[in-house]
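Let's walk through this one in question-and-answer form. Have a look at it first, then we'll dig in.

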Amino acid sequence: MQPVFTTDNLHAKDRFKIWRETLFERLVPIEIARLDDSPFAGKMEFANVGTLRMTRVTQGALRNETTPNAARQHERAGMAVVLFKLSGRSTCLQDGRDSVQKPGDIVVLDHRPSVVTTSPGSQAVFLELPRERLESVLGPTRLYTALSMGAELATTSLASTFFRELIQIRHRLDPDSAERMSTIGLDLIVACIAERMAKEVPQPLHGTVVVQRAKAFVEANLGDPTLDPPQLAAAVGVSLRRLQELFHERGQQISDWIWQRRLAAAAKRLADPSCAHLQIGAVAFGCGFANQAHFARRFKECHGLSPREYRIAALIGTL
């Protein structure tokens, strides 16, 4: 693919700022925040095949939010985006649905309010296509945005392989052939979405969507030490009592869920070699713990090891 921008030659302290400005100008006006304090690196490449525009983005751990105002201002509002996950992990939240993407997965996003988070070393190809191409066959995009299509699906594997090869040979295609190949690629994406939708079990319960939104909000705000059940209920637009009832129906307590996710995020960072330079306190505060002693106590209750012992065991492979 053709290089567009890289942070490689920038001063370390300027990389994220310039990367954020570049994404805002070239892709979509989004709000971007870092999720860790490791050295940042980003790279953007592009390729066109026929009328299809593909962009490969490599970046660190970020939270990317398309706000309602940004969505209204977006100049490519008639387009939808298909994300092919290449490395790392990401989460997508849109239209009340949230999902996780692993390498080989595909997900569709529309130019409406959304939140996408990426892990360190994340890489994905973003493919823009006319929304009407999807909706003419599959119905409104709200039915399948943020619905992850796993690499284990035959059509997902086929579509991923097709576009990977198409990017490699695009220079050998004349304009008519390139356009025909792009049409075939779009048909594969439609088939991929259709297969995934067919596996969905109808869940007409509004409560399921509310809980999904609440859990996604928790994931996106784990570092906020003030996050509590009342704030979470307000964020998803229901009463605290109603949200408690929905969690209880699923055998869960809201506060327990928040602490579990904070502890899980902390364990993940402690076990990540790229975060080995972070002090234990920084990990604790970054996961929403206001007190390091409280963090150490809860962590040992959950994992049976102190944070320091857990980090050492993870790094030497004895967990």
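A quick definition before we start: a residue counts as buried when its relative accessible area is under 20%. Also keep in mind that this is a predicted model.

Q: Is Cys275 buried or exposed?
A: The cut-off for buried is under 20% relative accessible area. Cys275 comes in at 3% relative accessibility, so Cys275 counts as buried.

Q: How far from Cys192 is the nearest cysteine sulfur?
A: The structure holds 0 disulfides, and Cys192 is accordingly in none. Cys192 is also buried, at a relative accessible area of 1%. Its nearest cysteine sulfur belongs to Cys92, and the distance is 14 Å.

Q: What does the side chain of Arg112 make a polar contact with?
A: Start with where Arg112 sits: in the loop between strand E9 (106–110) and strand E10 (114–118). With a relative accessible area of 14%, Arg112 falls under the 20% cut-off and is therefore buried. Its side chain has a polar contact at 2.6 Å, and the partner is the side chain of Asp95.

Q: Where around the axis of H7 do its buried residues lie?
A: Helix H7 spans residues 229–236, and its buried residues are Pro229, Leu232, Ala233 and Val236. They cover an arc of only 100 degrees around the axis, so they lie on the same side of H7.

Q: Which residue caps the N-terminal end of H7?
A: Look for a side-chain oxygen 2.9 Å from the backbone nitrogen of Gln231. That oxygen belongs to the capping residue, Asp228.

Q: What is the phi of Gly237 near?
A: Gly237 follows H7. Its phi is positive, near 80 degrees.

Q: What radius of gyration does the protein have, next to that of a compact globule?
A: The C-alpha atoms fill a box of roughly 65 × 50 × 40 Å along the principal axes. For 319 residues, a compact globule would have a radius of gyration near 20 Å, which agrees with the protein's 21 Å.

Q: What percentage of the residues in the protein is buried?
A: The protein has 12 helices and 11 strands, and its accessible surface comes to about 15900 Å². Of the 319 residues, the buried ones make up 47%.

Notes
Residues are numbered from 1 along each chain as its sequence is written. This is a predicted model: local features need pLDDT of at least 70, side-chain atom pairs count only at pLDDT 80 or more; totals for chains, interfaces and linings use all residues. Side-chain values use heavy atoms; hydrogens and water are left out. Helices (H or I, at least four residues) and strands (E, at least two) are DSSP runs, numbered from the N terminus. Buried means under 20% relative accessible area, exposed over 50%, partly exposed in between (1.4 Å probe, protein chains only). A polar contact is a pair of N or O atoms within 3.5 Å; within protein, one must be able to donate a hydrogen and the other to accept it, and residues adjacent in sequence count only if both atoms are side-chain atoms. The arc is that of the directions from the helix axis to the C-beta atoms. The radius of gyration is taken over C-alpha atoms; the globule rule is 2.2 Å times the number of residues to the power 0.38. Accessible areas come from the Shrake-Rupley method with a 1.4 Å probe; for residues, only the protein chains shown count as cover. A disulfide is a pair of cysteine sulfur atoms within 2.5 Å.
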